[in-house]
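Please look through the sequence and the structure shown below before reading on. The paragraphs that follow move from the whole chain to its core, then to helix packing, and finally to some loop residues.

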Amino acid sequence: MAEAMFNENWKGTPPKIYYLRRPFILRPERVGMESWIEVLRKLGISRGSPSWVDQFIPQMTETGRRVGISFNFNTKVGNSMSSLQAMHHFLLLERSGEIPRGTQEELALNLGTGHFEKQKCVADPDVLKAAVTKVLSDAKCPHLVENALEAISTNKHYEDVVEAIQREQLRGHHSIPFVDINGIELSGARSVSEYYEALWEAASKMK
């Protein structure tokens with residue numbers, strides 16, 4: 001939402017801002033899929049506010065609507081380890097120069113849009129396969145699709161992701177998301193305004 005607001009309010013063509021997403025997983029033991037609404041309801045209860053979700057969903061729906069995001073909370077959530085491995089694989093491809101910089105963020109955007117708007121759970125292997133295939137094809141790298149899907153299906157990067165998660169926890173990051181926006185680090189649940197301000201700060205440094 002913050003990026004949509006930023007692009008809308010920036011005068012002229014918005015500068016290209018690069019993101020670096022670091023891994024974190026809330027429920028590594030999760031098996032199967034759960035209702036997203038029920039997960040949010042349990043979160044509210046754990047915080048001592050059983051009715052929190054009933055306020056959160058309408059608020060997010062309206063805020064998203066104003067910037068062209070159609071939130072749909074009637075979806076499922078599951079174990080995100082495979083999607084984290086996909087993100088790690090894309091990071092390695094970026095670092096080696098095999099795919100353009102920013103492709104990892106395109107994968108995150110595809111998966112995020114699917115989850116938040118299209119009822120597509122990132123824990124669904126078919127959803128992840130379709131996202132990886134589309135993003136690499138759009139980046140004009142379809143020859144890398146087969147290798148990427150094999151790496152994900154065989155858990156090739158599992159240990160690397162676990163180690164990366166442990167490193168972030170030692171740095172004090174215990175929530176999602178954790179994003180590096182052109183060197184500006186934000187972790188945990190933040191307000192739209194905080195991300196919006198971070199985008200403006202990052203863009204201003206690029207002038």
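A residue is called buried when its relative accessible area is under 20%, exposed when that area is over 50%, and partly exposed in between, with a 1.4 Å probe and protein chains only. The model is a predicted one, in which local features need pLDDT of at least 70 and side-chain atom pairs count only at pLDDT 80 or more, while totals for chains, interfaces and linings use all residues. Residues are numbered from 1 along each chain as its sequence is written, and side-chain values use heavy atoms, with hydrogens and water left out.

Taken as a whole, the protein chain holds nine helices and five strands, where helices (H or I, at least four residues) and strands (E, at least two) are DSSP runs numbered from the N terminus. Read from the N terminus on, the order of the elements is α-β-β-α-α-β-α-α-α-α-α-β-β-α. Of the 207 residues in the protein chain, 42% are buried. Contact here means heavy atoms within 4.5 Å, and among the contacts between residues at least 6 apart in sequence, 66% join residues at least 24 apart.

The interior can be approached through its nonpolar cores, a nonpolar core being a set of buried Ala, Val, Leu, Ile, Met, Phe, Trp, Tyr and Cys residues joined through side-chain atoms within 4.5 Å. The largest of them has 21 residues, and those with the most contacts inside it are Phe-90, Ile-99, Leu-107, Val-132 and Leu-136. At least two residues of this core are supplied by each of helix H4 (81-96), helix H5 (103-118), helix H6 (125-138) and helix H7 (145-153), and the largest share, five residues, comes from H6. Apart from this core lies another, of 13 residues, which includes Trp-52, Val-53, Ile-57 and Met-60. Returning to Phe-90, and not counting residues up to four places away in sequence, one finds that Phe-90 touches Ile-99, Thr-103, Gln-104, Leu-107, Val-132, Val-135 and Leu-136.

How do the helices pack against one another? The axes of H4 and H6 come within 11 Å and cross at roughly 15°, where axes are lines fitted to C-alpha atoms, for helices over the stretch in contact, and angles run from 0 to 180 degrees between N-to-C directions. H4 is therefore roughly parallel to H6, since angles under 35 degrees count as roughly parallel, over 145 as roughly antiparallel, 65 to 115 as roughly perpendicular and the rest as oblique. On the H4 side the contact is made by Ser-82, Ser-83, Ala-86 and Phe-90, and on the H6 side by Leu-128, Val-132, Val-135 and Leu-136. These residues divide into six nonpolar, two polar and no charged, with Ala, Val, Leu, Ile, Met, Phe, Trp, Tyr, Cys and Pro counted as nonpolar, Asp, Glu, Lys and Arg as charged, and the others, Gly among them, as polar.

H4 and H7 pack at an angle of about 140°, with their axes 9 Å apart, and H4 is therefore oblique to H7. In this contact Ser-82, Gln-85, Ala-86 and His-89 of H4 meet Asn-147, Ala-148, Ala-151 and Ile-152 of H7, a group that divides into four nonpolar, four polar and no charged residues.

Leaving aside neighbours within four places in sequence, Ser-83 is in contact with Leu-111, Val-122 and Leu-128.

The loops complete the tour. Lys-120 is found in the loop between H5 and H6 and, with a relative accessible area of 41%, is partly exposed. Although Lys-120 and Thr-75 are 45 residues apart along the chain, their C-alpha atoms are separated by 7.0 Å. Residues up to four places away in sequence not being counted, Lys-120 touches Thr-75, Gly-114, His-115 and Val-127.

Lys-140 lies in the loop between H6 and H7, and its phi is near 60°, a positive value in a residue other than glycine. Lys-140 counts as exposed because its relative accessibility is 72%. Asn-155, in the loop between H7 and helix H8 (158-170), likewise has a positive phi, near 55°, in a residue other than glycine. With 41% relative accessibility, Asn-155 counts as partly exposed.
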